[in-house]
Amino acid sequence: MKKIVLLGYMGCGKSTIAQNLSKITNIPFLDLDKIIEERAKMSINEIFEKHGEIYFRKLEHEIFVELLQSDENNIIGLGGGTPCYANNHELLKGENVDSIYLKASIDTLYNRLVYNKSKRPLIANMDEEEMKEFIAKHLFDRSFYYNQSKHKVVVDDRSVEETVQDILRVLA
Ligand SMILES: Nc1ncnc2c1ncn2[C@@H]1O[C@H](COP(=O)(O)OP(=O)(O)OP(=O)(O)O)[C@@H](O)[C@H]1O
Ligand SMILES: O=C(O)C1=C[C@@H](O)[C@@H](O)[C@H](O)C1
Ligand SMILES: [Mg+2]
């Protein structure tokens, strides 16, 4: 079964783009963060607070593997950190996987996240200055893992609809 896997930094648009891609293609969309929250019966913020990040990463890996093994065609939106832990980046190269890195610049990410950080525990308590520096360094550290993806789509200055069309072109 084919799995279209969208990955990239927090705020690059994985959830937003995947929802729209799902509507156009009629391929069901699974949001890994949302499924983790349903399974744990708590928000990602609460998982980080109560059990810590290592617990979250373990759960994230187990559920990602499970989603890849299901018998359905799916679009899977990953969490921002998913490819960077537990060798998940190796799973992006699987035979039945079309992995797509939604590549956004530091400025794009900052502008999208600055008023939208409360549900993202890694940046929730940072001021604006701190956040910009954090995104720059963090994105640099994570790029190695994101670049293991089979395809790359640049999302800067693109509308949701344009990015969806760019993805369809890459997959054609
Ligand atoms: N052209 C665009 N493409 C995608 N998202 C956009 C665009 N313009 C603005 N946005 C906004 O940017 C935000 C992207 O957030 P979204 O939750 O989709 O990202 P994400 O990659 O799933 O983040 P996370 O890893 O934290 O789950 C949304 O608020 C969305 O409305
Ligand atoms: O970038 C990250 O490490 C994260 C991104 C979110 O999607 C969530 O998976 C969680 O907040 C961690
Ligand atoms: Mg998301």
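I began with ligand 2, and the space it takes is the largest pocket. The model I am reading is predicted.

**Entry 1. Ligand 2.** I listed the surroundings of this ligand. The residues around ligand 2 include M10, D33, I44, F56 and R57. The glycines G79, G80 and G81 also surround ligand 2. P121, L122 and R142 complete the list for ligand 2.

I then looked up polar contacts. Which side chains place a polar atom 2.7 Å from an oxygen atom of ligand 2? R57 does, with a polar side-chain atom at 2.7 Å from an oxygen atom of the ligand. R142 does too, through an N or O atom in its side chain, at 2.7 Å from a ligand 2 oxygen. For G80 I noted a backbone atom instead: an N or O lies 3.0 Å from an oxygen atom of ligand 2. I looked up the cover next. On its own, ligand 2 has 310 Å² of accessible area, and the protein covers 96% of that area.

**Entry 2. Ligand 1.** I moved to the other ligand. How many residues surround ligand 1? I find 17, and the closest are K14, S15, T16, R120 and R158.

K14 has a polar side-chain atom 2.8 Å from an oxygen atom of ligand 1. C12 uses a polar backbone atom, 3.4 Å from a ligand 1 oxygen. D33 has a side-chain N or O atom 3.5 Å from an oxygen atom of ligand 1. The protein covers 74% of the 640 Å² of accessible area that ligand 1 has on its own.

I cross-checked D33 between the two entries. D33 is among the residues that surround ligand 2, and its side chain also makes the 3.5 Å contact with ligand 1.

**Entry 3. H89.** I turned to a single residue. H89 is found in helix α5, which spans residues 88-91. Is H89 buried or exposed? I count H89 as buried because its relative accessible area is 9%, and the cut-off for buried is under 20%. I then looked up what H89 touches. Leaving out residues up to four places away in sequence, H89 touches P83, Y145 and Q148.

Note on methods
Residues are numbered from 1 along each chain as its sequence is written. Chains are lettered from A and ligands numbered from 1 in the order in which they are written. This is a predicted model: local features need pLDDT of at least 70, side-chain atom pairs count only at pLDDT 80 or more; totals for chains, interfaces and linings use all residues. Side-chain values use heavy atoms; hydrogens and water are left out. Helices (H or I, at least four residues) and strands (E, at least two) are DSSP runs, numbered from the N terminus. Buried means under 20% relative accessible area, exposed over 50%, partly exposed in between (1.4 Å probe, protein chains only). Contact means heavy atoms within 4.5 Å. A residue is near a molecule or strand if one of its heavy atoms lies within 4 Å of it. A polar contact is a pair of N or O atoms within 3.5 Å; within protein, one must be able to donate a hydrogen and the other to accept it, and residues adjacent in sequence count only if both atoms are side-chain atoms. Accessible areas come from the Shrake-Rupley method with a 1.4 Å probe; for residues, only the protein chains shown count as cover. On a 1 Å grid over the protein atoms alone, a cavity is a set of points where a 1.4 Å probe fits but cannot get out, and a pocket is an open set with protein on both sides within 12 Å along at least five of seven lines; lining residues have an atom within 4 Å of a point. A molecule sits in a cavity or pocket if more than half of its atoms lie within 2 Å of its grid points.
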